[in-house]
Amino acid sequence: MSNNAPALRGGLLALMAAALFGISTPLVQRLGVGLGAFSTAALLYGGAALVGAFSLRPKEQEARVRRSDTGRLLAMALFGAVIGPVALAWGLQRTSGASASLMLTLEALFTALLAWRLYGESMDRRVWLAMLLLLAGGMALVLDQGMAGGVQLMGLLVVMLATAAWGVDNTLSRALAERDPGQVVMLKAALGASLTTGLAWLSNEPLPGWIAALGLLAVGATGYGVSLRLYLLAQRAFGAARTGSVFAFAPFIGALFAFALGDRSAGALMMVGGLLMLCGVALHLAEIHGHEHVHKPMDHEHAHDHSDNHHKHSHQPTVIGTHSHWHHHEEVRHSHAHVPDAHHQHVH
């Protein structure tokens with residue numbers, strides 16, 4: 001097998017995840033016409049919960065969610081499956097699909113800033129410049145929609161709120177990265193769908209028609225459920241940083257899809273904003289981070305194999321391929337390019 005095979009597989013998985021999430025945004029805008037924001041969010045995450053339920057893995061292959069994770073899961077559901085999709089659904093009905101898609105690029109900005117502030121993840125000059133380009137692109141989009149009218153601007157600002165909520169969700173979910181992704185998706189999505197269904201009922205939102213309901217369930221299953229599953233598999237294939245950088249192309253895929261569906265809202269400022277954001281994504285993709293670091297002794301459980309340099313324990317009988325169990329890591333000092341995954345969470 002070629003040495004580039006894992007990177008190629010990871011890149012393709014991340015690109016498929018980005019494409020599914022990207023095209024979901026203009027579809028949600030169309031299918032959600034006449035529906036309340038709570039109903040739209042409930043259907044999207046209802047579809048994602050179904051995907052999570054059908055993708056559960058045996059405990060021998062993936063670590064289980066624990067009772068101590070309950071509080072974190074509730075917070076993830078609140079920010080990622082309630083505030084985020086409700087704000088997106090509300091904003092999409094009041095701004096252009098292309099500008100809303102591009103604004104979703106700011107999710108990477110909020111995620112990086114929160115990870116830097118709360119976990120001490122590295123932010124070198126290249127990454128800071130990439131973040132500034134993303135911010136400048138977002139400001140250009142705000143100016144573009146501000147010139148189109150107050151309602152358009154308010155819609156875009158609420159979409160920005162969705163990106164901030166998903167940034168919080170991404171930061172919270174870091175601690176559950178070693179659990180079964182199917183179980184995490186199922187529990188988070190089911191909690192979110194239950195909460196938004198209750199809010200839709202309390203708000204007396206109109207019931208969706210069968211076509212809209214089935215359409216939004218399908219979009220939730222693919223654009224949120226399957227997309228997240230592919231994203232997690234890509235992370236295991238070639239790392240969190242590269243996966244996140246490839247996935248950051250999702251908003252641009254969404255904007256192109258919106259144009260294909262007939263969105264003609266693109267102006268000079270939107271084009272400038274999109275170009276600035278694209279440059280920011282490209283800079284982040286080119287990041288290389290490596291230095292001498294120490295792995296302190298650690299005991300944990302997660303899916304792994306023995307093809308990397310961090311899982312050298314033995315099995316009787318020998319185990320081949322990905323598996324999950326409680327295992328121990330001895331202290332190791334070495335130097336190599338790395339990303340802030342479960343084995344590289346040192347402070348810089």
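**Aromatic pairs and nonpolar cores**

A search of the whole structure, which is a predicted model, finds four aromatic pairs. Phe-21 counts as buried because its relative accessibility is 10%, under the 20% limit. Trp-166 is likewise buried, with a relative accessible area of 4%.

Trp-166 also pairs with Tyr-224, and here the geometry is tilted: 6.5 Å centre to centre, 50 degrees between the planes. Again distant parts of the chain are linked, with Trp-166 in helix α7 and Tyr-224 in helix α9, 58 residues apart. Ring pairs connect Phe-21, Tyr-45, Trp-166 and Tyr-224 into a cluster.

I turn now to the cores. The largest nonpolar core contains 51 residues, and Tyr-45, Leu-88 and Tyr-224 have the most contacts inside it. Helix α9 (residues 210-238) supplies the largest share of this core, seven residues. Apart from it lies another core, of five residues, including Val-65, Met-76, Leu-176 and Val-184. Returning to Tyr-224, its contacts beyond four places in sequence include Phe-21, Tyr-45, Leu-88 and Trp-166.

Finally, the surface. Which residues make the nonpolar patch of about 400 Å²? They are Leu-129, Leu-132, Leu-135 and Met-139. Met-139 sits in helix α6 (residues 125-148), and Met-139 counts as exposed because its relative accessibility is 51%, over the 50% limit.

Definitions and conventions:
Residues numbered from 1 in each chain as written. Predicted model: local features only at pLDDT ≥ 70, side-chain atom pairs only at ≥ 80, totals over all residues. Heavy atoms only, no water. Patch = residues over 30% accessible without salt bridge, like charges linked within 9 Å, V, L, I, M, F, W, Y side chains within 5 Å. Areas by Shrake-Rupley, 256 points an atom, 1.4 Å probe, with all protein chains shown as cover. Salt bridge = Lys/Arg side-chain N within 4 Å of Asp/Glu carboxyl O. Helix = DSSP H or I, 4+ residues; strand = E, 2+ residues; numbered from the N terminus. Buried < 20%, exposed > 50% of the residue type's maximum accessible area, 1.4 Å probe, protein only. Core = buried A, V, L, I, M, F, W, Y, C linked by side-chain atoms within 4.5 Å. Contact = heavy atoms within 4.5 Å. Phe/Tyr/Trp six-rings, centres within 6.5 Å; stacked < 30°, edge-to-face > 60°.
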